[in-house]
Amino acid sequence: MEKVSRLEFLKQLGFGGAALMATLCAAGTSSCKSNSASTSASTKDFTLDLNQSAYADLKIVGKFMVVQDVVIACTVAGTYAAVTVICSHEGKKQVGYRESQKDFYCTAHGAVYDQQGKGKSGPSSGGLRVYNTSLTGNSLRIYS
Ligand code: FES
């Protein structure tokens, strides 16, 4: 009897494309790598002390930092926008903030998102996960 891999077996059963991926993911195989899974992953809740020199840039309007895979931008004095660094196009961690356009931009292929994470232009029609921000004194909380 011919030995076939699980992948070949599922293909022979007629599984293909998304159905095959869903089946493999449900089976917990290592081949389960989905952009949507990574972009929707994980809740966040952390607080940054803006008095620490490491976060000094966040006191400057137009600057941004990436902390725990979250792009945090100071959009207006004392006001912040926070989105995932993971682009919804192909899952690259290349999203940053552009002060000149006051938007989020992925350097991989040029996807543009507004400050609410909504896709504006470029190759991605999906949006970015947005996180809440709350500033109390010099403590900036980022949370889901
Ligand atoms: S991965 Fe961001 S634009 Fe393609």
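Two strands count as paired if DSSP finds at least two bridges between them. Keep that cut-off in mind as you work through this predicted model.

**Exercise 1. Decide which way S6 and S7 run relative to each other, parallel or antiparallel, and how many bridges they share.**

Step 1. Find strand S7 at residues 112-113.
Step 2. Count its bridges to S6: there are two. The cut-off is at least two, so the strands pair.
Step 3. Check the direction: S6 and S7 are antiparallel.
Step 4. Pick out a facing residue: opposite Phe-104 stands Tyr-113 of S7.
Step 5. Look at the link between them. The hairpin of S6 and S7 has five residues between the strands, and Gly-110 in the turn shows a positive phi of about 90 degrees.

**Exercise 2. Find the strand that is joined to S6 by four bridges.**

Step 1. Go to residues 95-98, which make up S5, and to residues 103-106, which make up S6.
Step 2. Four bridges join these two antiparallel strands.
Step 3. Start from Val-95 and cross over: its bridge partner in S6 is Cys-106.
Step 4. Inspect the hairpin, with four residues between S5 and S6; here Lys-102 has a positive phi near 55 degrees.

**Exercise 3. Work out which strands lie at the edges of the six-stranded sheet.**

Step 1. Write down the order of this open, antiparallel sheet: S1-S10-S9-S4-S3-S2.
Step 2. Read off the edges: S1 (45-49) and S2 (64-67) each pair on one side only.
Step 3. Follow S2 to its partner S3 (residues 70-76), an antiparallel pairing over four bridges. Within it, Val-67 has Val-70 of S3 as its bridge partner.

Key:
Residues are numbered from 1 along each chain as its sequence is written. This is a predicted model: local features need pLDDT of at least 70, side-chain atom pairs count only at pLDDT 80 or more; totals for chains, interfaces and linings use all residues. Side-chain values use heavy atoms; hydrogens and water are left out.
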